[in-house]
Amino acid sequence: MDVTSIGWLTLPLAILGGAIRVSTPFIFVSIGELITEKSGRINLGLEGTLMLGAMAGYGVSYLSGSPWLGVLAAGLAGTTFGLLHGLLCSVKRVNDTAIGISLIVLGTGLAFFFGKPLIEPKAPALPSISLGFWSSMPQVRAALDVNALFFVGILLAFAVYVFLNRTGWGLMLRTVGDSEDAARALGFSVLRVRILATMAGGFLAGIGGSFLSLSYPGSWSEGLSSGQGIMAVALVIFARWRSINALGASLLFGGAGALGPALQGVGVTGYYYLFNAAPYILTLAIMVASTSRAAPFADAPGELKLHR
Amino acid sequence: MTLRPFDRRSFLQMLAAAGSAPFVLDIPAAHAETPLTVGILYSGSKQDYGFNQSHAQAAAALKKLPGIKVVEEERVPETIAAQRSMEGMIRQDGAQLILATSFGYFKPHVLEMAAKYPDVTFAHTGGVWTAGMPENIGTFYAYIFEAQYISGIVAGHMTKSKKLGLVAAKPTPNLLRSINAFAIGARSVDPAIQVQVIFTGDWVLPVREAEATNTLVDQGADVIAAQVDSPKVVIETAEKRGVMSCGYHSSQADVAPNGYLTGAEWNWITPYLVYAGSVRGGKKPEHYLRAGISDHFVKNSPFGKLVTPEARAAAEKARADLIGGTLVIYSGPLKDNKGNVVVPAGVTQNSNDRVLDGINYLVEGIIGQV
């Protein structure tokens, strides 16, 4: 408990620590959503998947004693929800946005229902890797206490990039997402690809949820998600449907989110409502700056119903 | 009679008839010697380690009493849904006392329901009854800042860095009153102590609360206190960082077995019993019921294992002085953190002084801004 004040140094440290701690769920959910959207469908239900994953992960970790088993369970719960979304949207004239919204309600409701007995027990948390061992400052050590899932998330962003751009399956996924007719002409099963892509998206979103309950902030409660699942959908658009960009956007969002509390910490006590809104202001600013009049949907998968 | 095709209108008529029949038949039964049914509404989860849990604990205590039946509904939004919930409790369960525990239920929901059901007593947490409102409404609240003052004394004795951290939701008068009391308590131990406040901007924001806690610990605070709706995350994060903590609303001792010092807790069973008594006695409810530690409306969590005998003794003495009335928390001279005198020398503002309702400053020694 030998802690001394480090003054203004807190600020960069908090932003770095915040980027690492807060961004992980965003990375997983946004990359999951990216895979789904690349297939030409939008799954708005990831907020519900996130909550379900957080609950399932916490529950399985508590019952089995293994947090990694919890992560897997969260992923499987998410996959089930992805399958549900994928199947329902495969029925003719079913709107994927509406199904997504109903899945938010269903996922959150199920998570609350099954999560009731999990609020009080303490489940084993995911281990973290101390990258700050070289420093004698406890603040630095705390900021660099990095969860393993964070690294998995970074690897994932690159893996998804390679998958989408360098593999045959990736090409198939992009074709299905860009032009249904072309995909049919090539003999691809459009529905099967879309259902699988939504399942993969659900798997990752479930894992993102398990990070919330098993690492940071690190316990199951009904107020756990404050809209991370919804924000991740926006981050995908912000990242122009590119996985490396989605990683960057998540990191930026996490770091900016730490700005509000950190500024108050170093004594900038006014305007905290404004600083707390920093991530959203930043997102808006970059989106406005990166718009193009000539080709507003240049990067969007052609089959996405956002702009039809 | 000719058979009409089944249309929407006749379906609705049927539903209405089916729905109202049981309550019409129930009315005579309500006057017989039946147990008192109390309906309780919560805005959030009963297990939030916070405000709603403090009410749920009182409800659980109420349930154990003979002759009292409790019906509860959690996660009732502060919308027309609150009226539906109250109406359901009154009509279907025969509730004679409604305890509406969230601030937003008062206007217009409790007011409208009270006008519609004049024979039912409504008690609301935090509202202020004024003349002209229905006579069957009671409003109650507790001076939690007195318990927060005692937590401040314990924190003041325990801190080594002379810096305390406090994670708060929004700068509302009620919160400011408690934040100030915590600081006044801590600084009564050692005037060199500083309290750093971080406002998260909303009542429940787990990730930002954890971030705020981390920042405060990084700034050198070695005791973290919380004034958010569900302090579980703050206390847990403090425990993970190896610092001490003070709870709020209900006890969070079990999430921080090492560092939990004490906490300011509501003791709602006392006002619940006051209103249950007035319903039983057929009297009008107390319209404006406010009390503090001396009337058992608030309490402190049992001391954690780290709390030294000196700190315990000082806390017990403060409690006795508050109960005896020899100690007034807001006593002049008192300055705000900008140097202005807010309570002049020689002036005391007792806990029930309505001046404190409009408090809009942070006292000297607090780093933070309203």
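**Figure 1. The loop around Pro217(A) in the predicted model.** Pro217(A) sits in the loop that runs between helix H9 (190-214) and helix H10 (228-238) of chain A. This is a predicted model. The peptide bond leading from Tyr216(A) into Pro217(A) is cis, and its omega is near 0°.

**Figure 2. The cis peptide bond at Pro333(B).** In chain B, Gly332(B) and Pro333(B) are joined by a cis peptide bond with omega about 0°. Pro333(B) belongs to the loop between strand S13 (330-331) and strand S14 (334-335) of chain B.

**Figure 3. Tyr49(B), a residue with positive phi.** Tyr49(B) is not a glycine, yet its phi is positive, at about 55°. The residue is placed in the loop between strand S1 (36-41) and helix H2 (51-63) of chain B.

**Figure 4. His296(B), a residue with positive phi.** The phi of His296(B) is near 60°, a positive value in a residue other than glycine. His296(B) is part of the loop between strand S11 (288-291) and strand S12 (298-300) of chain B. Inside 10 Å it has 14 C-beta neighbours, so His296(B) counts as partly exposed.

**Figure 5. Packing of helices H3(B) and H4(B).** Helix H3 (residues 80-93) and helix H4 (residues 106-116) of chain B pack with their axes 9 Å apart, at an angle of about 30°. The crossing of the two helices H3(B) and H4(B) is right-handed. On the H3(B) side the contact is made by Ala82(B), Gln83(B), Met86(B) and Glu87(B), and on the H4(B) side by His109(B), Glu112(B) and Met113(B). Three of the residues in this contact of H3(B) with H4(B) are nonpolar, two are polar and two are charged.

**Figure 6. The largest nonpolar core and the surroundings of Ile179(B).** The largest nonpolar core has 193 residues, and the members that touch the most others are Ile31(A), Leu235(A), Ile179(B), Val197(B), Val223(B) and Ile224(B). Domain 1 (5-142 + 267-297) and domain 2 (144-265 + 299-367) of chain B both contribute residues to this core, so it lies between them. Ile179(B) is in contact with Leu166(B), Ala168(B), Val197(B), Gln227(B), Leu362(B) and Ile366(B), leaving aside its neighbours within four places in sequence.

**Figure 7. The side of chain A that touches chain B.** Between the two chains, 37 residues of chain A are in contact with 34 residues of chain B. On the chain A side, helix H1 (10-38), helix H5 (138-143), helix H11 (243-265) and helix H12 (272-276) each supply at least two residues. H11(A) gives the largest share of this side of chain A, seven residues. By residue type, the side of chain A that touches chain B divides into 16 nonpolar, 19 polar and two charged residues.

**Figure 8. Asp181(A) in helix H8 of chain A.** Asp181(A) is located in helix H8 (residues 180-185) of chain A. Asp181(A) and Gln139(A) are 42 residues apart in sequence, and their C-alpha atoms are 56 Å apart in space.

Methods. Residues are numbered from 1 along each chain as its sequence is written. Chains are lettered from A and ligands numbered from 1 in the order in which they are written. This is a predicted model: local features need pLDDT of at least 70, side-chain atom pairs count only at pLDDT 80 or more; totals for chains, interfaces and linings use all residues. Helices (H or I, at least four residues) and strands (E, at least two) are DSSP runs, numbered from the N terminus. Axes are lines fitted to C-alpha atoms, for helices over the stretch in contact, and angles run from 0 to 180 degrees between N-to-C directions. A crossing is left-handed if the near helix is turned anticlockwise from the far one by less than a right angle, and right-handed if clockwise. Two residues are in contact if their C-beta atoms, placed from the backbone, lie within 7 Å. Ala, Val, Leu, Ile, Met, Phe, Trp, Tyr, Cys and Pro count as nonpolar, Asp, Glu, Lys and Arg as charged, and the others, Gly among them, as polar. A nonpolar core is a set of buried Ala, Val, Leu, Ile, Met, Phe, Trp, Tyr and Cys residues joined through C-beta atoms within 7 Å. A residue is buried if 20 or more other C-beta atoms lie within 10 Å of its own, exposed if 12 or fewer, and partly exposed in between; C-beta atoms are placed from the backbone. Domain bounds come from an automatic or database domain assignment.
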